[in-house]
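Here is a short briefing on one protein chain. Keep the sequence and the 3D view open as you read.

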Amino acid sequence: MPSTAEAFRLATSFAASPEEEKSRELILALVEHTPAPFSRDQFHQGHVTCSALVLHPDGKRVLLVHHHRLRRWLLPGGHVEESDSTLSDVARREAAEETAVRIAPGCMGQLAGMDVHGIPSHKGEPFHLHHDLIFALGAESGEITSTAEAPEVAWCGMDEMDRYGLPASIVNAFHRVAVR
């Protein structure tokens, strides 16, 4: 299980843009002042989640999934599980589960963005916040597959971001790490 020390270190050392600064403050407050910041059952103030900004081997495209419940294109990602060793492992696991993408061997994952956003109530869970850490990972190949979790998957280039209606946090993270 990842540690709060890891989350604190990542958030404090991240060079946040002015748009990300509020998310960084909220993530730091969550990991410092709540009893279970990684528990998906902690709804007051929310919980930490991790997303994978998976770069195509050409470095010019990013992997997207169409989120079936939120009905929008997003990065693969999700909740921390007991079996995850690090926070970047969460992003790596979620990307593989949702798209069958193979991450390049030795790719450790670098923090590329952060975003705190609301999640609507659903199936007994109240409205809550996801304190999302976005990790850049490199794909071993361009092979991806749709799954039950992500029935639509796509590689998206920098020039296609508007068409997919991506939030600024994803666009900014992609700009940080994309090959130009």
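**Charged pairs and buried cores**

Arg-24 and Glu-21 form a salt bridge, with their closest N and O atoms 2.9 Å apart. This is a predicted model. By the rule used here, the count comes to 12 salt bridges.

**Salt bridges within a helix**

- Both Arg-24 and Glu-21 sit in helix α2, 3 residues apart, which is about one turn of the helix.
- Arg-24 is buried, at a relative accessible area of 12%.
- Glu-21 is partly exposed, at 28% relative accessibility.
- In helix α3, Arg-92 and Asp-89 also lie 3 residues apart, about one turn of the helix.
- The side chains of Arg-92 and Asp-89 meet in a salt bridge at 4.0 Å, N to O.
- Arg-92 counts as partly exposed at 24% relative accessibility, and Asp-89 is partly exposed at 25%.

- The side chains of Glu-20 and Arg-176 meet in a salt bridge at 2.5 Å, N to O.
- This pair links distant parts of the chain, 156 residues apart. Glu-20 is in the loop between α1 and α2, while Arg-176 is in helix α5 (residues 168–177).
- Glu-20 counts as buried because its relative accessibility is 4%, under the 20% cut-off.
- Arg-176 is partly exposed, with a relative accessible area of 34%.

**Nonpolar cores**

- The largest nonpolar core has 30 residues. Val-54, Leu-87, Leu-133 and Phe-135 touch the most other members.
- At least two residues of this core come from each of α1 (4–13), α2 (21–33), β1 (47–55), α3 (87–99), β5 (110–119) and β6 (128–138).
- A second, separate core has 21 residues, including Leu-64, Trp-73, Ala-112 and Ala-173.
- Leu-87 touches Pro-2, Glu-6, Ala-7 and Leu-10, among others, leaving aside residues up to four places away in sequence. Its contacts also include Phe-38, Val-48, Leu-133 and Phe-135.
- In soluble globular proteins, nonpolar side chains tend to be buried together.

- Which residues of α1 are buried? They are Glu-6, Ala-7, Leu-10 and Ala-11.
- Seen down the axis of α1, the buried residues fall within an arc of 125 degrees, so they line one face of the helix.
- Ala-5 and Ser-13 are exposed on the other side of α1.
- The cover over the buried residues of α1 includes α2, α3, β5 and β6.

Technical notes: Residues are numbered from 1 along each chain as its sequence is written. This is a predicted model: local features need pLDDT of at least 70, side-chain atom pairs count only at pLDDT 80 or more; totals for chains, interfaces and linings use all residues. Side-chain values use heavy atoms; hydrogens and water are left out. A nonpolar core is a set of buried Ala, Val, Leu, Ile, Met, Phe, Trp, Tyr and Cys residues joined through side-chain atoms within 4.5 Å. Buried means under 20% relative accessible area, exposed over 50%, partly exposed in between (1.4 Å probe, protein chains only). Helices (H or I, at least four residues) and strands (E, at least two) are DSSP runs, numbered from the N terminus. Contact means heavy atoms within 4.5 Å. The arc is that of the directions from the helix axis to the C-beta atoms.
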